Amino acid sequence: MVEEPEIKEVENTLRSCWLGTGPKVHRFEEMFREYKGSAHAMALYSCTAALHLSMIAIGINPGDEVIVPTLTFASTANAVIHAGGKPVLTDCDRETMNIAPDDILRKITSKTKAIIPVHFAGRPCNMDAIMNIAQKHNLKIVEDCAHAVETEYHGKKAGTFSDIGCFSFYVTKNIMTGEGGMAITDNDEYADRIKILGLHGLSRDAWKRFGDEGYKHYYVVYAGFKYNMMDIQAALGIHQLPRVERYWERRQRIWNRYNEAFADMPLFTPAPVEPNTIHAYHLYTLLLDTDNLKITRDRFMSEMAARNIGVGVHYIAVHLHPYYEQTFGYKRGDFPNAEWISERTVSIPLSPKLTDYDVEDVVEAVRFIITKAGK
Ligand SMILES: Cc1ncc(COP(=O)(O)O)c(C=O)c1O
C-alpha cells in the first residue's frame with residue numbers, strides 16, 4: 001500500500017541525483033536493524049538475493065545438502081542451488097503449513113549443512129524444535145522471513161533466532177519497496193561477506209566512492225553479485241516501516257472477520273494463532289474442502305477473478321514443479337501434507353488498503369460461489 005509520504009520521498013530521491021545505493025538505503029538498514037534488534041541489517045535487491053548470499057556466507061559448497069520445506073516459493077530452494085548446494089525437500093504440518101520437525105530429522109544425512117525454515121504466511125515455525133535439531137546435528141539455520149516481518153515466537157522476533165534472517169519487500173509483502181530484501185544477522189563475518197558479495201565483491205562501503213568525500217579506489221575481494229538496493233527503493237521502505245503496526249492491526253481485523261464469516265462453510269480456515277506467538281497475517285489461505293464440494297479450486301478462483309477479486313495459490317509445492325521432478329527425481333506422493341494443501345489452497349485479499357466494504361464483498365463472493373456450487 002503506497003501512501004503520499006513515500007511518493008514525495010521517491011520524487012525527492014529522483015531530484016537528489018542519488019538514485020542508486022546511498023544514504024536512504026543506509027537509513028532504511030538502520031531502521032530495520034533497530035526494529036529487529038539485530039547487530040546488522042543489509043539491504044538487498046530481493047529476499048532471493050538475501051537467501052543466495054546467506055547460503056554463500058554460511059559456507060554452502062557443492063555437495064552440501066540444505067533442508068528446505070516443499071511448501072514454499074521456489075526461490076527458497078533455488079537459492080541453495082545457486083550456491084552450489086542441493087535442496088533436500090521436507091513435508092509440512094497440515095495444520096500450521098510450516099516445516100515439520102519430524103520430517104527434518106528424517107532428512108538429515110552426513111552431507112546436511114543447514115536448514116531454511118519458512119515462517120509460512122507469517123506464522124512462526126516451531127523454532128524450539130528446529131533450534132534443538134540444529135544444535136544436536138551442528139547445522140546452520142537461515143530463516144526465510146519473506147512473509148514474516150512482524151512475526152514473533154515466544155517473545156523473540158523472526159529472523160533473530162538463526163544465523164541469518166532474510167526478508168522480502170516485494171510489492172505484495174507487508175512492507176514493500178517494489179522489489180527489495182534485507183538480511184539480518186548478529187554475526188560480524190556473515191554481515192561483512194553479505195555486504196561485499198552484494199555489490200560485485202568490492203571492498204567495504206564501496207557505494208561511497210562517488211560521494212562528497214572525494215574519489216576512493218575500490219578493490220575486488222570476492223567474485224560478487226549485483227544485488228544492491230537502490231535509494232529509490234529505500235525511499236519507500238523508510239516510510240512504510242513506521243506504519244508496520246497500523247497495517248498489521250488492519251490485517252488482523254480483516255483476518256478475524258474472514259474467520260467469523262467462513263466458520264459455517266465447507267472450507268478450512270487458517271489454524272488459530274498459537275499462544276505466545278505473533279502471526280504476521282501476510283496471507284489468508286482458505287482451503288477448499290474439495291472432497292465434499294462440487295467445485296474445483298481452479299474453478300473457484302476463476303469465479304472470484306470474474307468478480308474482480310484477486311486470488312492466489314501459495315503454493316504448488318516445490319517438488320511438483322517440472323525442474324525439481326526432473327533434476328532431483330521427486331514425484332507426487334512424496335509429501336502428502338504439502339500436496340493436500342497445494343490442491344486446496346486459495347489466498348484471498350488481505351491488504352490493509354481494503355475498505356470494510358471491500359472485505360464484505362470478498363465474504364459475499366466466497367459464500368455465494370461455494371453455496372451455489374453445493375456439496
Ligand atoms: C517464502 C518466500 N521466500 C522467498 C521469496 C522471494 O522473495 P523476493 O521476491 O523478494 O525475492 C518469496 C516471495 O514471494 C516467498 O514467498
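**Figure 1. Histidine 147 and the ligand in the predicted model.** A polar side-chain atom of histidine 147 lies 2.8 Å from an oxygen atom of the ligand. Two further residues are shown with their distances. For tyrosine 315, a polar side-chain atom is 2.6 Å from an oxygen atom of the ligand. For threonine 48, the distance from a polar side-chain atom to a ligand oxygen atom is 2.4 Å. Taken alone, the ligand exposes 390 Å², and the protein buries 92% of that area.

**Figure 2. The shell of residues around the ligand.** The ligand is surrounded by 15 residues. Thr48, Asp144, Ser168, Lys173 and Tyr315 are the closest. Sorted by type, the shell holds 5 nonpolar, 8 polar and 2 charged residues.

Figure 3. Which elements give two or more residues to the shell around the ligand? They are helix 3, residues 47-57, and helix 4, residues 74-82.

**Figure 4. The protein chain around the site.** The secondary structure of the chain consists of 13 helices and 13 strands. The radius of gyration of the chain is 21 Å, close to the 21 Å that the globule rule gives for 375 residues, so the chain is as compact as a globular protein of that length. Along the principal axes, the C-alpha atoms fill a box of roughly 70 × 55 × 40 Å.

Definitions and conventions:
Residues are numbered from 1 along each chain as its sequence is written. This is a predicted model: local features need pLDDT of at least 70, side-chain atom pairs count only at pLDDT 80 or more; totals for chains, interfaces and linings use all residues. Side-chain values use heavy atoms; hydrogens and water are left out. A residue is near a molecule or strand if one of its heavy atoms lies within 4 Å of it. A polar contact is a pair of N or O atoms within 3.5 Å; within protein, one must be able to donate a hydrogen and the other to accept it, and residues adjacent in sequence count only if both atoms are side-chain atoms. Accessible areas come from the Shrake-Rupley method with a 1.4 Å probe; for residues, only the protein chains shown count as cover. Helices (H or I, at least four residues) and strands (E, at least two) are DSSP runs, numbered from the N terminus. Ala, Val, Leu, Ile, Met, Phe, Trp, Tyr, Cys and Pro count as nonpolar, Asp, Glu, Lys and Arg as charged, and the others, Gly among them, as polar. The radius of gyration is taken over C-alpha atoms; the globule rule is 2.2 Å times the number of residues to the power 0.38.
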